[in-house]
Amino acid sequence: MKTYSTIRGMLTALGASAAIASASACTTPSKVGSGPAVANTTKAAIPHVCVDRVLPSHMQEGAKVTASTENSRNKPPPGSSSITAMRYKKWLPGRTLHVRFLEGDPGVVGHVKKVAAEWMTYADITLVFDDASNSEIRVAFQQGGSWSNIGTDAKQVDASEATMNYGWLDSETPDDEYSRVVLHEFGHALGFVHEHQNPINEIQWNKEVVYAYYAGEPNKWDRATVDRNIFARYATAETQYTRFDPTSIMEYPIPKEHTLNGFSVGWNKVLSPMDKCYASSVAYPKAGAQPCPP
Ligand SMILES: [Zn+2]
(Lines give C-alpha, C1' and ligand atoms only; values in the text may rest on other atoms or scores of the structure.)
Protein backbone atom coordinates (compact mmCIF):
# COMPACT_ATOMS: atom_id res chain seq x y z
CA MET A 1 0.00 0.00 0.00
CA LYS A 2 1.30 3.43 -0.91
CA THR A 3 1.83 6.01 1.78
CA TYR A 4 1.86 9.75 1.37
CA SER A 5 3.42 12.23 3.74
CA THR A 6 0.89 14.93 2.94
CA ILE A 7 -2.51 15.25 1.36
CA ARG A 8 -0.92 17.38 -1.34
CA GLY A 9 1.55 14.58 -1.99
CA MET A 10 -1.26 12.10 -2.45
CA LEU A 11 -3.27 14.42 -4.65
CA THR A 12 -0.23 15.10 -6.76
CA ALA A 13 0.73 11.47 -6.97
CA LEU A 14 -2.78 10.66 -8.06
CA GLY A 15 -2.96 13.66 -10.34
CA ALA A 16 -5.31 14.07 -13.24
CA SER A 17 -5.15 15.27 -16.77
CA ALA A 18 -6.45 18.68 -17.69
CA ALA A 19 -9.23 16.97 -19.61
CA ILE A 20 -10.52 15.43 -16.41
CA ALA A 21 -9.92 18.48 -14.34
CA SER A 22 -11.92 20.79 -16.54
CA ALA A 23 -14.96 18.62 -16.05
CA SER A 24 -14.31 17.47 -12.54
CA ALA A 25 -15.82 17.75 -9.12
CA CYS A 26 -19.31 19.07 -8.87
CA THR A 27 -19.36 20.78 -12.23
CA THR A 28 -22.42 20.23 -14.37
CA PRO A 29 -21.95 17.53 -16.95
CA SER A 30 -23.08 18.40 -20.43
CA LYS A 31 -25.27 15.32 -20.63
CA VAL A 32 -27.29 13.99 -17.75
CA GLY A 33 -26.11 10.45 -17.84
CA SER A 34 -22.72 10.94 -19.31
CA GLY A 35 -20.74 11.89 -16.23
CA PRO A 36 -17.58 13.94 -16.51
CA ALA A 37 -15.79 13.97 -19.84
CA VAL A 38 -12.89 11.66 -19.22
CA ALA A 39 -12.41 9.71 -22.41
CA ASN A 40 -8.98 8.33 -23.20
CA THR A 41 -7.63 8.64 -19.69
CA THR A 42 -5.95 5.98 -17.66
CA LYS A 43 -6.72 4.98 -14.10
CA ALA A 44 -3.46 6.52 -13.00
CA ALA A 45 -4.61 9.86 -14.37
CA ILE A 46 -7.84 9.97 -12.44
CA PRO A 47 -8.05 12.18 -9.34
CA HIS A 48 -8.81 10.14 -6.26
CA VAL A 49 -11.14 12.71 -4.78
CA CYS A 50 -14.87 12.48 -5.20
CA VAL A 51 -16.38 13.88 -8.36
CA ASP A 52 -20.01 14.66 -7.67
CA ARG A 53 -22.69 14.93 -10.25
CA VAL A 54 -25.09 17.82 -10.37
CA LEU A 55 -28.04 17.71 -12.71
CA PRO A 56 -28.08 20.31 -15.48
CA SER A 57 -29.93 23.46 -14.45
CA HIS A 58 -32.86 22.77 -16.79
CA MET A 59 -33.58 19.53 -14.91
CA GLN A 60 -33.39 20.87 -11.38
CA GLU A 61 -37.03 21.94 -11.07
CA GLY A 62 -38.13 18.49 -12.15
CA ALA A 63 -35.70 16.98 -9.68
CA LYS A 64 -37.28 19.02 -6.86
CA VAL A 65 -40.71 17.66 -7.76
CA THR A 66 -39.31 14.13 -7.85
CA ALA A 67 -37.68 14.64 -4.45
CA SER A 68 -40.83 15.99 -2.77
CA THR A 69 -42.97 13.26 -4.35
CA GLU A 70 -40.62 10.62 -2.98
CA ASN A 71 -40.36 12.09 0.51
CA SER A 72 -42.52 14.95 1.83
CA ARG A 73 -39.63 16.06 4.06
CA ASN A 74 -37.71 17.12 0.96
CA LYS A 75 -38.76 20.75 1.20
CA PRO A 76 -36.00 23.29 0.62
CA PRO A 77 -36.53 26.65 2.33
CA PRO A 78 -38.40 29.11 0.05
CA GLY A 79 -36.11 30.80 -2.45
CA SER A 80 -33.33 28.27 -1.91
CA SER A 81 -30.40 28.14 -4.26
CA SER A 82 -29.72 25.02 -6.28
CA ILE A 83 -26.87 24.30 -3.85
CA THR A 84 -29.27 24.24 -0.93
CA ALA A 85 -31.79 22.15 -2.85
CA MET A 86 -29.16 19.42 -2.99
CA ARG A 87 -29.71 18.92 0.74
CA TYR A 88 -33.29 17.79 0.13
CA LYS A 89 -32.95 14.64 -1.96
CA LYS A 90 -33.52 11.93 0.65
CA TRP A 91 -35.39 8.76 -0.17
CA LEU A 92 -38.44 7.80 1.83
CA PRO A 93 -37.25 6.14 5.06
CA GLY A 94 -37.94 2.41 4.99
CA ARG A 95 -37.41 2.32 1.25
CA THR A 96 -35.88 -0.58 -0.64
CA LEU A 97 -33.33 0.59 -3.19
CA HIS A 98 -32.30 -1.84 -5.88
CA VAL A 99 -28.71 -1.75 -7.10
CA ARG A 100 -27.56 -2.88 -10.51
CA PHE A 101 -23.97 -3.27 -11.61
CA LEU A 102 -23.72 -2.33 -15.26
CA GLU A 103 -20.28 -3.95 -15.50
CA GLY A 104 -17.32 -4.85 -13.35
CA ASP A 105 -14.97 -7.57 -12.21
CA PRO A 106 -16.89 -9.96 -9.93
CA GLY A 107 -14.35 -9.56 -7.16
CA VAL A 108 -14.54 -5.78 -7.26
CA VAL A 109 -18.33 -5.84 -7.45
CA GLY A 110 -18.46 -8.13 -4.44
CA HIS A 111 -16.20 -5.82 -2.46
CA VAL A 112 -18.34 -2.77 -3.28
CA LYS A 113 -21.50 -4.60 -2.17
CA LYS A 114 -19.93 -5.67 1.11
CA VAL A 115 -18.77 -2.15 2.00
CA ALA A 116 -21.97 -0.40 0.87
CA ALA A 117 -24.09 -2.70 3.01
CA GLU A 118 -22.73 -1.05 6.16
CA TRP A 119 -25.11 1.88 5.62
CA MET A 120 -28.02 -0.48 6.30
CA THR A 121 -26.77 -0.97 9.84
CA TYR A 122 -27.65 2.66 10.51
CA ALA A 123 -30.10 3.96 7.89
CA ASP A 124 -33.62 2.55 7.60
CA ILE A 125 -32.95 1.72 3.97
CA THR A 126 -32.63 -1.70 2.35
CA LEU A 127 -30.09 -2.02 -0.43
CA VAL A 128 -30.88 -5.00 -2.62
CA PHE A 129 -28.08 -5.99 -4.96
CA ASP A 130 -30.26 -7.87 -7.40
CA ASP A 131 -29.33 -6.13 -10.67
CA ALA A 132 -33.04 -5.42 -11.20
CA SER A 133 -33.83 -3.74 -14.50
CA ASN A 134 -35.54 -0.87 -12.68
CA SER A 135 -32.77 -0.37 -10.13
CA GLU A 136 -32.59 3.10 -8.65
CA ILE A 137 -28.80 2.89 -8.22
CA ARG A 138 -26.76 1.81 -11.23
CA VAL A 139 -23.03 1.33 -10.82
CA ALA A 140 -20.33 1.55 -13.47
CA PHE A 141 -16.54 1.31 -13.38
CA GLN A 142 -15.42 2.40 -16.79
CA GLN A 143 -16.02 6.15 -16.63
CA GLY A 144 -13.60 8.58 -15.06
CA GLY A 145 -13.42 9.42 -11.40
CA SER A 146 -15.68 8.40 -8.56
CA TRP A 147 -19.03 10.11 -8.40
CA SER A 148 -22.67 9.60 -7.65
CA ASN A 149 -25.92 11.37 -8.18
CA ILE A 150 -27.34 12.79 -4.96
CA GLY A 151 -30.26 10.78 -3.54
CA THR A 152 -33.46 11.02 -5.56
CA ASP A 153 -31.68 12.80 -8.42
CA ALA A 154 -30.92 9.26 -9.59
CA LYS A 155 -34.55 9.01 -10.69
CA GLN A 156 -33.90 11.74 -13.27
CA VAL A 157 -31.17 9.71 -14.97
CA ASP A 158 -32.05 7.52 -17.93
CA ALA A 159 -32.51 3.92 -16.80
CA SER A 160 -29.78 2.73 -19.15
CA GLU A 161 -27.14 4.97 -17.60
CA ALA A 162 -25.05 4.86 -14.46
CA THR A 163 -25.90 6.90 -11.38
CA MET A 164 -22.63 6.01 -9.66
CA ASN A 165 -19.11 5.31 -10.85
CA TYR A 166 -15.86 4.03 -9.42
CA GLY A 167 -12.95 5.07 -11.60
CA TRP A 168 -10.02 3.47 -9.83
CA LEU A 169 -11.15 0.52 -7.73
CA ASP A 170 -9.64 -2.77 -8.82
CA SER A 171 -8.46 -6.06 -7.37
CA GLU A 172 -5.27 -4.40 -6.10
CA THR A 173 -7.02 -1.58 -4.24
CA PRO A 174 -6.47 -1.67 -0.46
CA ASP A 175 -9.47 -2.42 1.75
CA ASP A 176 -9.41 1.00 3.42
CA GLU A 177 -9.63 2.69 0.03
CA TYR A 178 -12.74 0.64 -0.76
CA SER A 179 -14.14 1.74 2.59
CA ARG A 180 -13.33 5.42 2.00
CA VAL A 181 -14.71 5.62 -1.51
CA VAL A 182 -17.69 3.26 -1.41
CA LEU A 183 -19.13 4.56 1.86
CA HIS A 184 -18.74 8.11 0.52
CA GLU A 185 -20.44 7.46 -2.82
CA PHE A 186 -23.28 5.44 -1.29
CA GLY A 187 -23.63 8.31 1.20
CA HIS A 188 -24.29 10.57 -1.79
CA ALA A 189 -26.72 7.99 -3.16
CA LEU A 190 -28.64 8.26 0.12
CA GLY A 191 -28.78 12.04 -0.31
CA PHE A 192 -25.84 13.09 1.85
CA VAL A 193 -23.72 16.00 0.67
CA HIS A 194 -20.17 17.12 1.33
CA GLU A 195 -19.60 17.95 4.96
CA HIS A 196 -17.44 21.02 4.36
CA GLN A 197 -20.56 22.67 2.92
CA ASN A 198 -22.42 22.09 6.18
CA PRO A 199 -23.99 25.47 7.05
CA ILE A 200 -22.51 25.25 10.53
CA ASN A 201 -18.98 24.50 9.44
CA GLU A 202 -16.29 26.34 11.35
CA ILE A 203 -13.63 26.25 8.67
CA GLN A 204 -11.60 29.44 8.46
CA TRP A 205 -10.54 29.13 4.85
CA ASN A 206 -7.36 30.75 3.62
CA LYS A 207 -9.22 31.54 0.43
CA GLU A 208 -6.39 32.78 -1.77
CA VAL A 209 -4.35 29.66 -0.99
CA VAL A 210 -7.35 27.46 -1.75
CA TYR A 211 -8.00 29.26 -5.05
CA ALA A 212 -4.36 28.83 -6.03
CA TYR A 213 -4.32 25.17 -5.01
CA TYR A 214 -7.38 24.17 -6.99
CA ALA A 215 -6.29 26.28 -9.97
CA GLY A 216 -3.36 23.89 -10.36
CA GLU A 217 -3.19 20.26 -11.37
CA PRO A 218 -5.10 18.02 -11.13
CA ASN A 219 -8.21 20.16 -10.77
CA LYS A 220 -7.62 23.40 -12.72
CA TRP A 221 -10.72 25.00 -11.24
CA ASP A 222 -11.50 28.66 -11.78
CA ARG A 223 -12.50 30.79 -8.80
CA ALA A 224 -16.22 30.36 -9.42
CA THR A 225 -15.82 26.59 -9.36
CA VAL A 226 -13.90 26.77 -6.08
CA ASP A 227 -16.61 29.06 -4.68
CA ARG A 228 -19.27 26.53 -5.62
CA ASN A 229 -17.46 23.33 -4.65
CA ILE A 230 -15.55 24.42 -1.59
CA PHE A 231 -16.82 27.64 -0.02
CA ALA A 232 -20.56 27.57 -0.74
CA ARG A 233 -22.62 26.37 2.21
CA TYR A 234 -26.03 24.80 2.17
CA ALA A 235 -28.76 26.79 3.83
CA THR A 236 -30.98 24.63 5.98
CA ALA A 237 -34.34 24.72 7.65
CA GLU A 238 -33.70 21.38 9.26
CA THR A 239 -33.60 22.01 13.00
CA GLN A 240 -32.12 18.60 13.65
CA TYR A 241 -29.11 19.40 11.53
CA THR A 242 -26.00 18.16 13.25
CA ARG A 243 -22.88 20.11 14.04
CA PHE A 244 -19.98 20.26 11.63
CA ASP A 245 -18.20 16.91 11.64
CA PRO A 246 -14.65 16.96 10.23
CA THR A 247 -14.45 13.19 10.67
CA SER A 248 -17.45 12.54 8.41
CA ILE A 249 -17.06 10.11 5.53
CA MET A 250 -18.63 12.91 3.46
CA GLU A 251 -15.76 15.34 4.11
CA TYR A 252 -13.04 16.31 1.65
CA PRO A 253 -9.45 16.19 2.84
CA ILE A 254 -8.32 19.68 3.85
CA PRO A 255 -4.58 20.44 4.11
CA LYS A 256 -3.70 22.74 7.01
CA GLU A 257 -2.30 25.26 4.53
CA HIS A 258 -5.87 25.82 3.33
CA THR A 259 -7.01 27.26 6.64
CA LEU A 260 -6.04 30.30 8.68
CA ASN A 261 -5.80 28.48 11.99
CA GLY A 262 -4.01 25.26 11.09
CA PHE A 263 -7.22 23.24 10.98
CA SER A 264 -6.96 20.22 8.71
CA VAL A 265 -8.82 17.09 7.74
CA GLY A 266 -7.20 13.86 6.64
CA TRP A 267 -8.60 11.06 4.52
CA ASN A 268 -11.67 9.83 6.36
CA LYS A 269 -12.13 6.14 5.70
CA VAL A 270 -14.91 4.99 8.00
CA LEU A 271 -18.32 6.24 9.05
CA SER A 272 -17.96 8.70 11.91
CA PRO A 273 -20.17 8.49 15.01
CA MET A 274 -22.06 11.50 13.64
CA ASP A 275 -22.52 9.87 10.23
CA LYS A 276 -24.08 6.90 11.98
CA CYS A 277 -26.39 8.90 14.21
CA TYR A 278 -27.42 11.28 11.41
CA ALA A 279 -28.36 8.28 9.25
CA SER A 280 -30.14 6.38 12.02
CA SER A 281 -31.96 9.16 13.85
CA VAL A 282 -32.40 12.04 11.37
CA ALA A 283 -32.24 11.11 7.70
CA TYR A 284 -33.54 7.53 7.83
CA PRO A 285 -34.79 7.03 11.41
CA LYS A 286 -34.67 3.54 12.82
CA ALA A 287 -36.87 2.45 15.69
CA GLY A 288 -35.03 2.87 18.94
CA ALA A 289 -32.18 4.95 17.51
CA GLN A 290 -30.60 7.36 19.94
CA PRO A 291 -30.85 11.05 19.04
CA CYS A 292 -27.65 12.75 17.90
CA PRO A 293 -25.79 14.60 20.66
CA PRO A 294 -26.29 18.38 20.56
ZN1 LIG B 1 -18.39 13.39 -2.78
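## A walk from the sheet to the core

Start by selecting β1 and β3: the two run parallel and are joined by three bridges. Strands here are DSSP E runs of at least two residues, and helices are H or I runs of at least four, both numbered from the N terminus. Two strands count as paired when DSSP finds at least two bridges between them.

Before moving on, a note on the model. It is a predicted one, where local features need pLDDT of at least 70, side-chain atom pairs count only at pLDDT 80 or more, and totals for chains, interfaces and linings use all residues. Residues are numbered from 1 along each chain as its sequence is written.

Now click Val99, and you'll find Ile137 of β3 opposite.

Which order do the five strands of the open sheet take? Reading across, you get β2-β1-β3-β5-β4, with mixed pairing. Colour β2 (126-128) and β4 (147-148) as the edges, since each pairs on one side only.

Val139 also takes you into the largest nonpolar core, where it is among the residues with the most contacts. That core has 46 residues. A nonpolar core means buried Ala, Val, Leu, Ile, Met, Phe, Trp, Tyr and Cys residues joined through C-beta atoms within 7 Å; buried means 20 or more other C-beta atoms within 10 Å of a residue's own, with C-beta atoms placed from the backbone.

Finally, select Trp119. Leaving out residues up to four places away in sequence, Trp119 touches Ile125, Phe186, Leu190 and Ala279, a contact being C-beta atoms, placed from the backbone, within 7 Å.

Technical notes: Buried ≥ 20, exposed ≤ 12 C-beta atoms within 10 Å, placed from the backbone. Contact = placed C-beta atoms within 7 Å.
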